[in-house]
Structure formats: C-alpha cells, structure tokens
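These are my notebook entries on a few things I looked up in this model.

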Amino acid sequence: MILDGRQDSSIAEAARVLAAGGLIAFPTETVYGLGADAGSDRAVAGIFAAKGRPSDHPLIVHVPDAAAAGRFAAGIPPVAQRLMDAFWPGPLTLILPRRPDVGRAAAGGQDTIGLRCPAHPVAHALLLACAGGTPPVYGLAGPSANRFGRVSPTTAAHVQGEFGDTLPVLDGGPTAVGIESAIVDCTRGVPVLLRPGMLTRAQIEAACGERVWLPEERSEAGPRASGTLASHYAPEARVRLMDGRSLQTALDVLGPDSVAVAVYARSALRTRTPHYRRMPDDAAETARQLFAVLRDFDAAGVKLIWVETPPEGPEWDGVRDRLHRAAAG
Ligand code: TXA
Ligand code: MG
C-alpha cells in the first residue's frame, strides 16, 4: 500500500503502525528507508527478517534533530558535534558510542550506533509524529528499503517492487540525493569515512577541522558494515566498468549483438542497443538517477550493463564507490 506522504492522515497512519511495532517504508533525501521503532528490539527484528539481512549488521537510526541523538549516543565527541552542526539535517551518518540501555538490536549488538537526521519533509514529519512531544525524542531504525545486497530504492515504486504489498510505503517522491549517506565513524579517536556519499571528504574535513581517514588507512578491524562489503548495491545483470574507448571497442566487437547490452556512458558511443542512457556530466545528477537507471536496465531484462568509468574528481567518489560495488556483484 502506498500512502501519500504529503497528507497528515498518512503520517498519522504510519506513526500508528510504528507504535504498534510494525514496519513502514519512508522517504529520505538519500534513498528510501525501511523503518521500525529503534527503541523496540522486537520491532527492529522485523526489519532484519524483511530484508533478509544478518542480525549482526548494524542499522542506521534516524533522529528528528541533533538533541535527540543523546537518547542513543553515550557521548558526542567534539568532532561529531561539529559535523552535526555543519550537515544535519542532511546525508551524513555518524557512528557514536551507544548508550548500553537502548538500541541494541538496531546496533546489531555493537556498542556503537549509527545516527542520522534526514533532510526530508516527510521523514521529518514522521519523526515528529512518532516523538509526539517536545522536545521530540525518537529513533527510527531504517536501513535502505531493499532486500539484502540489492540496489537501494529511490522511489516508492522501487520499494513496492522489493516488498510488494507486505508493508505500507510513505511516498515522498523520487529522492533528491540518490545514493546513501556518507558514514563517519567518530568512535576511533580520529574520524574515519566508512562510506563515501555526496558530501566530499574535503567538505567533511573542513567541517571537522581535522583530517578524515579512510578505513584502509586505519588498519584496526572495524565493526561489520554491509554497505562496505565489496559486493553490494548489485543489480541482477552483470555490471562492468570501462573507459569510453574500451567501451566503444567492446560494442564494435559485439556488432549487432550489442542490442542485448545496456550502456550507461558520458561519451557519445556508436551502438544499436536500445538500452542506452547518457550519464550526466554532473556528479549530483548522476547520483540522483543512478539506482533508477540500474533498476530500469534490470527491468528490461538485459544480462550485461556496461558503464563508462566516472571522472576522477572527488565529487564523483560516492558514485564511483557504488558502481565499483555493483560491478563486484
Ligand atoms: O542514506 C542512508 O544512509 C540510508 C537512508 C535510509 O538513511 N540508509 C542506509 O542504511 O543506507 P543501510 O542500513 O542500508 O546502511 C547503513 C550502513 C551499513 O553499511 C551499516 O553496516 C553501517 O551503516 N552502520 C550502521 N551502524 C553502524 C555501526 N554502529 N558501526 C559501523 N557501521 C554501521
Ligand atoms: Mg543498504
């Protein structure tokens, strides 16, 4: 069932479902989430079951504002505070020490918790309705609303494609950012960027006032993060990344058989495939459409998706990351 997220009655209905321990899919500015009350380990168990996700993989908890983070976080290190001030509400998740009495299931049993304040009016209205008081204190556990390992949904219809009519979907339109939030771990003494998003490392460093590390630069083993598995966000078809010249050569070699291949490229290529989408020159625009393009290709039944390697610039880090993971699938 799809609920119009602009209607107050839909928000109220979604809040009722959550209060009863049920699941609701909801829009954020990045991708759609599959939500349950983070304060109820039982409700959160429903998310793991629906997604087919191992229960030791921690979920992100969405909060209405920075003040509400204190319900879940045992402490807010100064670097995390600076990041909240700079980017919340927005596409940034912070890993913080968890208060031991709350959010155990959402955290996958870890002693840390991922928190994010989403910048989407429907998500915000839902969080306020669930909190029901002032100040608004509530946590909505919400991984991306896709089955484990699949491409994240950026429309309500995508969510329905994943879960059918087994759960209500709050429709907030197509998401504006299109790929998942950047994740910064603030529990290791120095900030570590666990997953790139559309905020660049340089933007995050500017707000932190210090260097942000990549996981491979910090050798100690971190907690499990499914978004950081090599193969993730994978469509059904096999994805291959190539530079424009190699892509053209490969299409030429196939000749008429290239009609069975889907192509997503910035370069103007010679091919007769009807499954040809031009990749925008702009990284933000590419991120916005990326997962829908991959889903469209899957829906068309192609077996191969050939993608032109995105440019080197840091604004492409998030897109490049998702494409490399899709290609590893
Ligand atoms: O944009 C987003 O972040 C979307 C929307 C719905 O908010 N959510 C999302 O959630 O992408 P999910 O669960 O699909 O990805 C969350 C990532 C996973 O890789 C998870 O392992 C990691 O965050 N994560 C969550 N809590 C963590 C923790 N305590 N320590 C380390 N990683 C954590
Ligand atoms: Mg996910």
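Entry 1, the sheet. I traced an open sheet of 4 strands in the order β11-β14-β12-β13, with parallel pairing. At its edges stand β11 (238-242) and β13, and because each has a single partner strand, one side of each is left without a neighbour in the sheet. From one strand to the next, the twist averages 15 degrees. I note here that I am reading a predicted model, in which local features need pLDDT of at least 70.

Entry 2, the partners of β12. I then followed β12, which pairs with strand β14 (residues 304-308) in the parallel sense over 4 bridges, and I found V261 opposite L304 of β14. With strand β13 (residues 276-278), β12 again pairs in the parallel sense, here over 3 bridges. On that side I located Y264 opposite R277 and A265 opposite R278.

How many residues of strand β12 (residues 261-265) are buried? I found that 5 of its 5 residues are, so that the strand is mostly covered. I kept in mind that in a regular strand the side chains alternate between the two faces of the sheet, and I therefore looked at each face separately. V261, V263 and A265 lie on one side of β12 and A262 and Y264 on the other, and with all of them buried, both faces are covered. I also looked for a helix against this sheet, and found that helix α7 (residues 244-254) lies across β11, β12 and β14, running at about 145 degrees to β14.

For the helix pairs I wanted two values each, since two packed helices are described by the angle between their axes and the distance between the axes. Helix α1 (residues 8-19) packs against helix α4 (residues 121-131) at an angle of about 55 degrees, with the axes 9 Å apart. The two helices are therefore oblique to each other, and α1 passes α4 in a right-handed crossing. I listed the residues that make the contact as I11, A12, A14, A15 and L18 from α1, and A125, L126, A129 and C130 from α4. By class, this contact of α1 with α4 consists of 9 nonpolar residues, with no polar and no charged ones.

The axes of helix α3 (residues 78-87) and helix α6 (residues 201-208) come within 8 Å and cross at roughly 115 degrees, and the crossing of α3 past α6 is right-handed. From α3 the contact takes V79, R82, L83, A86 and F87, and from α6 it takes I204, A207 and C208. I sorted the residues of this contact into 7 nonpolar, no polar and 1 charged.

Is R116 buried or exposed? It counts as buried, because I find 29 C-beta neighbours inside 10 Å, where 20 or more are needed. R116 lies in strand β6 (residues 112-116). Leaving aside residues up to four places away in sequence, I noted that R116 touches I60, H62, L92, T93 and S181. I also checked R116 against V79, a residue of the α3 contact with α6, and the two are 37 residues apart in sequence and 15 Å apart in space, C-alpha to C-alpha.

Conventions:
Residues are numbered from 1 along each chain as its sequence is written. Chains are lettered from A and ligands numbered from 1 in the order in which they are written. This is a predicted model: local features need pLDDT of at least 70, side-chain atom pairs count only at pLDDT 80 or more; totals for chains, interfaces and linings use all residues. A residue is buried if 20 or more other C-beta atoms lie within 10 Å of its own, exposed if 12 or fewer, and partly exposed in between; C-beta atoms are placed from the backbone. Two strands pair if DSSP finds at least two bridges between them. Axes are lines fitted to C-alpha atoms, for helices over the stretch in contact, and angles run from 0 to 180 degrees between N-to-C directions. Two residues are in contact if their C-beta atoms, placed from the backbone, lie within 7 Å. A crossing is left-handed if the near helix is turned anticlockwise from the far one by less than a right angle, and right-handed if clockwise. Ala, Val, Leu, Ile, Met, Phe, Trp, Tyr, Cys and Pro count as nonpolar, Asp, Glu, Lys and Arg as charged, and the others, Gly among them, as polar. Angles under 35 degrees count as roughly parallel, over 145 as roughly antiparallel, 65 to 115 as roughly perpendicular and the rest as oblique.
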